[in-house]
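These are my notebook entries on one protein structure. I record what I looked up, in the order in which I looked it up.

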Amino acid sequence: DTRHVLTGSADNSCRLWDCETGKQLALVKTSSAVRTCGFDFGGNIIMFSTDKQMGYQCFVSFFDLRDPAQIENSEPYMKIPCSDSKITSAVWGPLGEFIIAGHESGELNQFSAKSGEQLSNIKEHTKQINDIQTSRDMTMFITASKDNTAKLFDCTSLEHLKTFRTERPVNSAALSPIFDHVVLGGGQEAMDVTTTSTRIGKFEARQVPSLTCSAPDSAGLLFFHLAFEEEFGRVKGHFGPINSVAFHPDGKSYSSGGEDGYVRIHYFDPQYFEFEFEA
């Protein structure tokens, strides 16, 4: 119901907040950095994953917020170890029956939220999965990977449906709630920029008919058609890699967060909606 927000941090904690007042409602301390977290379908169960670091292995922990003792004692009702490859992104599946986890190795797993059992495992990416986001109806999800692709999958079967290819690592990908459109954000990591030519680093400008990128920047936002897997536009703005993208629930705007320290909120022009309906 959007009353609460859940955050995970490298300060070794997962925290629950009241959106209206900013008050901290719950604190769970962990042994290592919290990489990803989320609410289930009903908003009563939370999950988060911790990093493999400082001698601790990666875990996915599940807490029921209706049981205060679990939070107070930092004792989850279920904890799943992930010893092979750490989880870098995870989301809840439909109706909170399972979570979908992306790994540093490029693998995707489904874990049951009741038993902790691994339900499915596939590997369509060759490098780390940076982000996972679901469609509005939660039938599909999209992954963003360091292998320069974003891929679309079926939430239940994990069937690979589409691939969106770029010239740079993809850090985040989001699905439009109203159109068959995908927005991708990414770019070369800051530590690699000074050792790479501008052409390889993709600093060059690019002109696209529907959306224009008129000045050099190290990472633009890319728009793809969901069904045809074709890029139809780029938008400039951030300097440096883009770390996160998200659509507004009404589909009329989107936001992006970058390594340059800015969050940018973009509102679509009326022509965007006319273009889609004409198409």
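**Entry 1: Ground rules.** I noted that this is a predicted model, in which local features need pLDDT of at least 70 and side-chain atom pairs count only at pLDDT 80 or more, while totals for chains, interfaces and linings use all residues. Residues are numbered from 1 along each chain as its sequence is written, and side-chain values use heavy atoms, with hydrogens and water left out.

**Entry 2: The whole chain.** I looked up the secondary structure and found 3 helices and 24 strands in the protein chain. Helices (H or I, at least four residues) and strands (E, at least two) are DSSP runs, numbered from the N terminus. Of the 279 residues, 48% count as buried. Buried means under 20% relative accessible area, exposed over 50%, and partly exposed in between (1.4 Å probe, protein chains only).

**Entry 3: The annotation.** Residues 1-27 are 0% helix and 59% strand, with end C-alpha atoms 20 Å apart. For residues 235-265 I noted 0% helix and 52% strand, with end C-alpha atoms 12 Å apart.

**Entry 4: A sheet.** I followed an open sheet of 4 strands, which has the order β4-β5-β6-β7 with antiparallel pairing. Its edge strands are β4 (34-39) and β7 (78-82), each of which pairs on one side only. Two strands pair if DSSP finds at least two bridges between them. Strands β4 and β5 (residues 45-50) are joined antiparallel over 5 bridges, and 6 bridges join β5 to β6. In the hairpin of β4 and β5 there are 5 residues between the strands, and G43 takes a positive phi near 80°.

**Entry 5: Strand β5.** Are the residues of β5 buried or exposed? I found that 6 of its 6 residues are buried. I45, M47 and S49 lie on one side, and I46, F48 and T50 on the other. In a regular strand the side chains alternate between the two faces of the sheet.

**Entry 6: Cores.** The largest nonpolar core has 15 residues, and M47, V60, F62, I87, W92, I99 and F111 touch the most other members. Strands β5, β6 (58-64), β7, β8 (87-92) and β9 (98-103) each supply at least two residues of this core. A second, separate core of 14 residues includes L221, F232, V235 and Y254. A nonpolar core is a set of buried Ala, Val, Leu, Ile, Met, Phe, Trp, Tyr and Cys residues joined through side-chain atoms within 4.5 Å. Leaving aside neighbours within four places in sequence, the contacts of M47 include L6, T36, V60, F62, W92 and I99. Contact means heavy atoms within 4.5 Å.

**Entry 7: K162.** Where is K162 found? I located K162 in strand β15 (residues 160-165). K162 is partly exposed, because its relative accessible area is 25%. Beyond its neighbours within four places in sequence, K162 is in contact with A150, K151, L152, L226, A227 and E229. K162 and A227 are 65 residues apart along the chain, yet their C-alpha atoms are separated by 7.6 Å.
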